[in-house]
Amino acid sequence: MPWQTLHLTHQSHVATVTLNRPEVRNAFNADSIAELRQVFTLLGQDEAVRAIVLAANGKAFCAGADLQWMQQMAQFSAEENHADAVRLATMLQTIYLCPKPVVAKVQGDCVGGGVGLIAACDIVLAADTAHFCLAEVKLGLIPATIAPYVIRAMGQQAARRYFLTAERFSAQEAYRIGLLHEVVAAQSLAASVDGVVQALAANGPQALRQAKALVREMAGRAITDEVMADTAKQIAQIRASDEGREGVNAFLEKRKPAWVI
């Protein structure tokens, strides 16, 4: 289908979603929010897709909200603003809950909602030249919609600082506080992302889906009898599944499992 604010490409079992509004530093507006939600919904349902890369064209990865769009929203009613915020929150949740692993390829600066966008992804790699900023308080706003994802990624203590100061910080600092998984030289970013994606594509598709959900479900939970019973049930079920049996047999027989191309 024709996309207005992004590009979608497929190579083997990997889909790449590329933000494509470089003239406004890939800032969000109503159209890009709607298209991101739609494309991640479709890719999450596509059995041929095993991993998704979220990338961007231009110098910036994402500058947050489009200023012209924000100016328009300032003229809207409280009810209209709420409905618009719900659409943004739903888009972020769609990425966060996507059953396929999502790898962010951050080639340039991330501001505001752009930080929320990468925080909703599973794995984040960035060029060492990228910078980050949660700038909302400079505009008299707060990063409310992105907060659940950003605080999970960078932790409460880092969020206390960067939510309140709106300081610009480096890729190295973003890595130190946990927002990024890896920082690489700009010229090595594509190869590093390809390496991660190849590792993902070599793994059992159903195991990937369930492992992603497992992290989300278990994070922060106490190790109770209920949790122990739940995890025992999950491993028993996947051991008995076709994919689980194929993976174990392939290992014992020293061959590649059927899902590896």
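1. Salt bridges. A search of the whole structure turns up 10 salt bridges, a salt bridge being a side-chain nitrogen of Lys or Arg within 4 Å of a carboxyl oxygen of Asp or Glu. Side chains of opposite charge can pair when their charged atoms come close. Keep in mind that this is a predicted model, where local features need pLDDT of at least 70, side-chain atom pairs count only at pLDDT 80 or more, and totals for chains, interfaces and linings use all residues. Residues are numbered from 1 along each chain as its sequence is written, and side-chain values use heavy atoms, with hydrogens and water left out.

2. Asp109 and Arg25. Aspartate 109 makes a salt bridge with arginine 25, and the closest N and O atoms are 3.8 Å apart. Aspartate 109 sits in the loop between strand 4 (102-106) and strand 5 (110-111), while arginine 25 is in the loop between strand 2 (14-19) and helix 1 (30-45), so the pair ties together parts that are 84 residues apart in sequence. Helices and strands here are DSSP runs numbered from the N terminus (helices are H or I, at least four residues; strands are E, at least two). Aspartate 109 counts as buried because its relative accessibility is 16%, and arginine 25 counts as partly exposed at 39%. For those labels, buried means under 20% relative accessible area, exposed over 50%, and partly exposed in between, with a 1.4 Å probe and protein chains only.

3. Asp109 again, now with Arg168. What is the N to O distance in the salt bridge between aspartate 109 and arginine 168? For this pair of side chains, the distance is 3.2 Å. The pair links distant parts of the chain, 59 residues apart: aspartate 109 is in the loop between strand 4 and strand 5, and arginine 168 is in strand 8 (residues 168-170). Arginine 168 has 55% relative accessibility, so it counts as exposed. Taken together, Arg25, Asp109 and Arg168 are linked in a network of salt bridges.

4. A pair inside helix 7. Glutamate 173 and arginine 176 also meet through their side chains in a salt bridge, at 2.8 Å from N to O. Both lie in helix 7 (residues 171-176), 3 residues apart, which is about one turn of the helix. Glutamate 173 is buried, with a relative accessible area of 16%, whereas arginine 176 counts as exposed at 61% relative accessibility.

5. Two positive phi values. Alanine 166 is in the loop between helix 6 (156-165) and strand 8, and it is buried, with a relative accessible area of 2%. Lysine 254 has a positive phi too, about 55°, although it is not a glycine. Lysine 254 lies in the segment after helix 11 and counts as exposed, at 80% relative accessibility.

6. Valine 197 has its place in helix 8 and is buried, with a relative accessible area of 7%. Leaving out residues up to four places away in sequence, valine 197 touches Val14, Val53 and Val103, where contact means heavy atoms within 4.5 Å. Valine 197 and proline 101 are 96 residues apart in sequence, with 9.1 Å between their C-alpha atoms. Glutamine 198 lies in helix 8 (residues 189-201), but counts as exposed at 58% relative accessibility. The C-alpha atoms of glutamine 198 and alanine 127 are separated by 19 Å, and these residues are 71 apart along the chain.

7. Helices 9 and 10. Helix 9 (residues 205-218) packs against helix 10 (residues 225-239) at an angle of about 175°, with the axes 12 Å apart. That makes helix 9 roughly antiparallel to helix 10 (angles over 145 degrees count as roughly antiparallel). The axes are lines fitted to C-alpha atoms over the stretch in contact, and angles run from 0 to 180 degrees between N-to-C directions. On the helix 9 side, Ala207, Gln210, Leu214, Glu217 and Met218 meet Val227, Asp230, Thr231, Gln234 and Ile238 in helix 10.

8. A nonpolar surface patch. Val248, Phe251 and Leu252 form a nonpolar patch on the surface, with about 370 Å² of accessible area together. Patch members have over 30% relative accessible area and no salt bridge, and nonpolar side chains (Val, Leu, Ile, Met, Phe, Trp, Tyr) are joined within 5 Å. Accessible areas come from the Shrake-Rupley method with a 1.4 Å probe, and for residues only the protein chains shown count as cover. Phenylalanine 251 is found in helix 11 (residues 242-252) and counts as exposed, at 67% relative accessibility.

Technical notes
Patch = residues over 30% accessible without salt bridge, like charges linked within 9 Å, V, L, I, M, F, W, Y side chains within 5 Å. Parallel < 35°, antiparallel > 145°, perpendicular 65-115°, else oblique.
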